[in-house]
Amino acid sequence: MNAETRLALPRPELRAKTATMRRVPAFLLLGFTSALLCGCASVSTDGAKSVQNTLDGDGEASSYGQYLAGQAAVNHSDSASAEAYFAKAAGMDQEDRSLLTTRAFTSALLAGDITEAAVLAPTDPDADSGLRHLGALVRAVEDLSTGKPKLAHAILLSPDASAGNEPAAALLTPFAAAAAGSAEASIDHPVIVGEPVAQFFANLDQGKLFERARRYDEAETAFRALIAKGDPGGIASLSLGEMLERRGRDAEAVAIYDTALGAKKDSEELTAARARAAAHKPPPPMAPLRSIAAEAMIAPATALLAEKQEEIALAYLRMALRLDPGRNEAWLLVGDILDGNGDAPGARAAYAKVNSGASQYAAARIKLAWSYQEAGDKDAALAAARETVAQRPTDQDAQVTLADLLRADERYDESAKVLDGLIGPNGEAADWKLLYMRAVDFEESDRWADAERDLQIALKKRPDEAELLNFLGYSWIDRGVRLPEAMAMVQKAVDLQPQSGAMIDSLGWGYYRMGNYASAVDQLEKAIVLEPGDPDVNNHLGDAYWKAGRKVEAQFQWRRVLTLDPTPKLKAEVEAKLAQGLDHPIAPVVASK
């Protein structure tokens, strides 16, 4: 598929209609592709109301009403309902049947209903060529998925499929040939010019098909050639190692895995494969043809995602999942696309499909948890995070996510306890980021001595880490202790990140604490430009203005603080200052940095 291909419709002019089918305004036909980027089969409450309102206004018996209902479903990230409305409209309106069927086709495809999309796929020679080519690929995938490989192979060899869907058709054709019983045709080597990712998978698939054809030497040669070129992610190494295990060559397989692990030490799949081969356990069987074909469809999807072509990438991923619903990496990518386009329910449904035994499980569950958190469902977020930790107790990312969610919910003691389990076994050798996060928890829990200790240990590990310098330096400044040392730290932080409003604020506040109000105003005015909505920065600038004799400006800044959702403590402090200024002692609020 070339870079210009889109799921866009041509801009047909709908013919004038009677009162039951008014002319569709041109603006309804614009932005079709981006509007269809959804895929969730559920309807949000607002979306359902919008669709029902449309039907109420235009009549369920009206094809135009069905069309508008489909458009409303599209606009509310509900491809499945859009498909149904467009299909119904097409059945009611023979004059514009082609347009409406095409919209139903693309809705069905992006919703993941490949069976229906194959039925609706445009085949008319006058149809938009890009959609006609895509429709041919969809029909081939459906045939291959339903045990009709000869039909699939014939479609993939036709001009309709190959013209518009390179490299997808080129990658899929050998598998259709193999499933159809044509061993020789299955090992024809596709050459995909200008598509390095697709060509890598074409070469990888050729090795797998050589093995299936019992041409083991040729399979090994194909795999080793890929490994020699770098083997990103260790994919070819896994394929070769598994084949060697199936051939009873466990020691050679271990050597292959060891070499790959040297470049990718954190690979769970390579680590598990090495342990299996070293223990002479049974090797995994060859994957079914449909599963490998699905992997072939995922390859061009990842390339399209890198080019920001999310619409067609989603279509390819949906087809891959029709071939093999168990492709966990495809579900993860579908979730990412839907989440990035505002379809949170659809994204959650996709993330939830990732199997607990998959290497992508923790990543999917982490994204699922944060999706709930961002939607305000804190209980569901924590439940998902806790379940992930229970399933993957040694996964550090899962535990850090749980700690982060607890911290976001202001459950600092619980967050710190989770981090204790990660830091404890390593002591001072623990990752500085873990120490930093626990210091935040300690500071918010009024355990400053513990927070200070963690920050100092972390700073020994990363003496040039601006966040650490700022956190510890500001904390000392705000407490009025070790001011010269603290000023040196925040100045260094500002030098490292000169565009950080928070760090410039720390420097300005340091000048304030040392009684240098002119310098404090100078720095805090710079900070307010970078962080105009931060209540602490506004509060600090107000204090500095007051001490510099600019009392009207001080009161303005303090009043602004009250509009910026300050903490209850900060709100009380500011209200006291507005009432009596800074001429009377006021208990300071220690602001978080």
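Glu467 is partly exposed, with a relative accessible area of 31%. Keep in mind that the model is predicted.

Leaving aside residues up to four places away in sequence, Glu467 touches Tyr436, Gln497 and Met503. Glu467 and Leu496 are 29 residues apart in sequence. In space, their C-alpha atoms are 9.7 Å apart.

Asp258 is partly exposed, and its relative accessible area is 35%. Thr271 lies 13 residues from Asp258 along the chain. The C-alpha atoms of Asp258 and Thr271 are separated by 8.7 Å.

Now step back to the whole protein. How many helices and strands are there? The protein has 33 helices and 0 strands. It has 593 residues, and buried residues make up 52% of them. Next, take the contacts with a separation of 6 or more. Of these, 55% are between residues 24 or more positions apart.

How do helices pack in this model? Begin with α7, residues 129-145, and α10, residues 168-179. Their axes come within 11 Å of each other. They cross at roughly 30 degrees. An angle under 35 degrees counts as roughly parallel. α7 and α10 are therefore roughly parallel to each other. Their crossing is left-handed. Which residues meet here? From α7 come Leu137, Val141 and Leu144. They meet Ala168, Ala169, Leu172, Ala176 and Ala179 in α10.

A second pair is α17 and α19. Helix α17 covers residues 289-306, and α19 covers 328-340. Their axes are 11 Å apart, and the packing angle is about 30 degrees. The same cut-off of 35 degrees applies. So α17 and α19 are also roughly parallel to each other. α17 passes α19 in a left-handed crossing. On the α17 side, the contacts come from Ile298, Thr302 and Leu305. On the α19 side, they come from Glu329, Ala330, Leu333 and Ile337.

Which residues of α21 are buried? They are Tyr361, Ala362, Ala364, Arg365, Ile366, Leu368, Ala369, Ser371 and Gln373. These buried residues pack against α19, α20, α22 and α23. Just after α21 comes Gly376, with a positive phi of about 90 degrees.

Go on to α33, residues 568-580. Four residues of α33, Leu570, Glu573, Val574 and Lys577, are buried. They cover an arc of only 95 degrees around the axis, so they lie on the same side of α33. The face turned away from that buried side carries the exposed residues Pro568 and Ala579. What do the buried residues of α33 pack against? Their neighbours are α31, residues 535-547, and α32, residues 551-561. Just after α33, Gly581 takes a positive phi of about 70 degrees.

Gly376 and Gly581 are glycines with a positive phi. Arg214 lies in the loop between α12, residues 196-212, and α13, residues 216-228. Arg214 is exposed, with a relative accessible area of 66%. His280 is not a glycine either, yet its phi is positive, at about 55 degrees. His280 lies in the loop between α16, residues 268-278, and α17. Is His280 buried or exposed? It is exposed, with a relative accessible area of 59%.

Conventions:
Residues are numbered from 1 along each chain as its sequence is written. This is a predicted model: local features need pLDDT of at least 70, side-chain atom pairs count only at pLDDT 80 or more; totals for chains, interfaces and linings use all residues. Side-chain values use heavy atoms; hydrogens and water are left out. Helices (H or I, at least four residues) and strands (E, at least two) are DSSP runs, numbered from the N terminus. The expected span of a helix is 1.5 Å times one less than its number of residues. Buried means under 20% relative accessible area, exposed over 50%, partly exposed in between (1.4 Å probe, protein chains only). The arc is that of the directions from the helix axis to the C-beta atoms. Contact means heavy atoms within 4.5 Å. Axes are lines fitted to C-alpha atoms, for helices over the stretch in contact, and angles run from 0 to 180 degrees between N-to-C directions. Angles under 35 degrees count as roughly parallel, over 145 as roughly antiparallel, 65 to 115 as roughly perpendicular and the rest as oblique. A crossing is left-handed if the near helix is turned anticlockwise from the far one by less than a right angle, and right-handed if clockwise.
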